[in-house]
Amino acid sequence: MKKAPTLGAPLLRMFFHDCFVRGCDGSVLLDSSNNQAEKNAVPNLSLRGFDILDDSKAALEKVCPGIVSCSDILALVARDAMVALEGPTWEVETGRRDGRVSNINEVNLPSPFDNITKLITDFRTKGLNEKDLVILSGGHTIGMGHCPLMSNRLYNFTGRGDSDPSLDSEYATSLRKKCKPTDTTTALEMDPGSFKTFDVSYFKLVAKRRGLFQSDAALLDNSKTRAHVLEQARGSTFFHDFGVSMVKMGRTGVLTGRAGEIRKMCRIPN
């Protein structure tokens with residue numbers, strides 16, 4: 001993290017993307033000879049940091065071969081990256097085993113364009129409630145988004161060349177200066193001013209209608225999620241709550257006992 005602090009957000013996102021497809025089984029780490037693995041799906045093309053998992057696995061295999069799964073390493077790396085960024089810590093549960101299957105067609109992740117109904121439904125299918133949705137969205141306190149993920153909010157929200165009325169107008173004006181309609185590359189801070197710091201400013205921005213994505217703004221469209229946003233913006237329980245929700249997400253669809261395997265290398269099944 002000292003060498004590449006911008007890797008923190010992608011590593012956190014990688015764990016999220018793993019758990020939401022086939023459960024927390026390390027399937028997002030698998031390579032495919034015909035580009036049909038999870039990592040080849042459009043939402044995963046921007047994931048970074050796979051080499052960190054490879055290096056961690058190689059080091060562990062030297063010391064205790066066949067003991068620590070790639071899925072556990074990913075869970076631990078996500079936590080340790082947050083700690084290195086002066087964010088929260090939590091006790092990571094271990095004992096997951098690795099899946100052998102990774103299929104591009106199974107990647108159906110929550111999207112930056114989703115409304116609150118779809119977000120709540122997607123999270124519920126993983127055993128996560130409205131509070132978990134809000135708290136885990138708080139991961140957007142670090143990292144970057146890119147213009148294509150929100151240009152429709154600025155230029156063509158309903159197909160009539162208009163902007164999203166739920167977006168603060170001053171913020172929209174500043175974003176339009178950075179993102180032209182055809183811009184596909186410019187990166188934007190998801191939490192402007194403190195995108196390298198794990199803090200509650202994300203919730204303060206969302207409460208002011210300055211969330212970058214539609215999925216951020218959507219948190220205000222439900223009475224329960226809105227209440228959680230306002231509570232987090234005011235209070236000091238975010239670090240604790242984030243750890244609780246991360247542990248909960250880390251229990252999604254885990255393989256234990258004789259299911260799956262302990263991979264020798266994270267990119268290929270044994």
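Guide: A residue counts as buried when its relative accessible area is under 20%, as exposed when that area is over 50%, and as partly exposed in between. The model discussed here is predicted.

Visitor: Why does Cys19 count as buried?

Guide: The relative accessibility of Cys19 is 0%. Buried residues have a value under 20%, so Cys19 belongs to that class. Cys24, also with a relative accessible area of 0%, is therefore buried by this criterion.

Visitor: How do you know that Cys19 and Cys24 form a disulfide?

Guide: Their sulfur atoms are 2.1 Å apart, and a pair of cysteine sulfur atoms within 2.5 Å is taken as a disulfide. The torsion about the S-S bond is 120°, and the link of Cys19 and Cys24 is right-handed.

Visitor: How many disulfides does a search of the whole structure find?

Guide: Three disulfides are found in the whole structure. One of them joins Cys70 to Cys266, with an S to S distance of 2.2 Å. Cys70 lies in helix α3 and Cys266 in the segment after α11, so this pair ties together parts that are 196 residues apart in sequence. Cys70 and Cys266 are both buried, and their link, with -95° about the S-S bond, is left-handed.

Visitor: What makes the pair of Cys147 and Cys179 a disulfide?

Guide: The S to S distance between Cys147 and Cys179 is 1.9 Å, and the cut-off is within 2.5 Å, so the pair qualifies as a disulfide.

Visitor: Is the disulfide of Cys147 and Cys179 left-handed or right-handed, and what is the torsion about its S-S bond?

Guide: The torsion about the S-S bond is about -80°, so the disulfide of Cys147 and Cys179 is left-handed. This pair links distant parts of the chain, 32 residues apart: Cys147 is in the loop between β1 (144-146) and α6 (151-155), and Cys179 is in the loop between α7 (169-178) and β2 (187-189). Both Cys147 and Cys179 are buried. With the bonded cysteines of the chain numbered in sequence order, the pairing reads 1-2, 3-6, 4-5.

Visitor: What makes α5 largely enclosed by the rest of the structure?

Guide: Seven of the eight residues of α5 are buried, so α5 is largely enclosed. The buried residues are Glu130, Asp132, Leu133, Val134, Ile135, Leu136 and Ser137. Their cover includes α4, α8, α10 and α11.

Visitor: Why are α4 and α5 called roughly perpendicular to each other?

Guide: The axes of α4 and α5 come within 9 Å and cross at roughly 105°. Angles of 65 to 115 degrees count as roughly perpendicular, so the description applies to α4 and α5. In this contact, α4 contributes Ile116, Leu119, Ile120, Phe123 and Arg124, while α5 contributes Glu130, Asp132, Leu133 and Leu136. By class, the contact has six nonpolar, no polar and three charged residues.

Visitor: How do you know that Gln232 is buried?

Guide: Gln232, which lies in helix α10, has a relative accessible area of 1%. The limit for a buried residue is under 20%, so Gln232 is buried. Apart from residues up to four places away in sequence, Gln232 touches Ile135, Val200, Phe203, Thr237, Phe238 and Asp241. Gln232 and Ile52 are 180 residues apart in sequence, and 32 Å separates their C-alpha atoms.

Visitor: Which residues of the largest nonpolar core touch the most other members?

Guide: Of the 57 residues in this core, they are Met14, Phe15, Leu29, Phe242, Met246 and Met249. Elements giving two or more residues to this core include α1 (8-19), α2 (50-63), α10 (223-234) and α11 (238-249). The largest share, eight residues, comes from α3.

Visitor: With which residues is Met14 in contact, leaving aside its neighbours within four places in sequence?

Guide: Met14 is in contact with Val28, Leu29, Leu47, Arg48, Gly49, Phe50, Leu53 and Leu74. A second, separate core of 12 residues includes Leu154, Leu175, Cys179 and Leu212.

Technical notes: Residues numbered from 1 in each chain as written. Predicted model: local features only at pLDDT ≥ 70, side-chain atom pairs only at ≥ 80, totals over all residues. Heavy atoms only, no water. Core = buried A, V, L, I, M, F, W, Y, C linked by side-chain atoms within 4.5 Å. Buried < 20%, exposed > 50% of the residue type's maximum accessible area, 1.4 Å probe, protein only. Helix = DSSP H or I, 4+ residues; strand = E, 2+ residues; numbered from the N terminus. Contact = heavy atoms within 4.5 Å. Axes fitted to C-alpha atoms, helices over the stretch in contact; angles between N-to-C directions. Parallel < 35°, antiparallel > 145°, perpendicular 65-115°, else oblique. Nonpolar A, V, L, I, M, F, W, Y, C, P; charged D, E, K, R; others polar.
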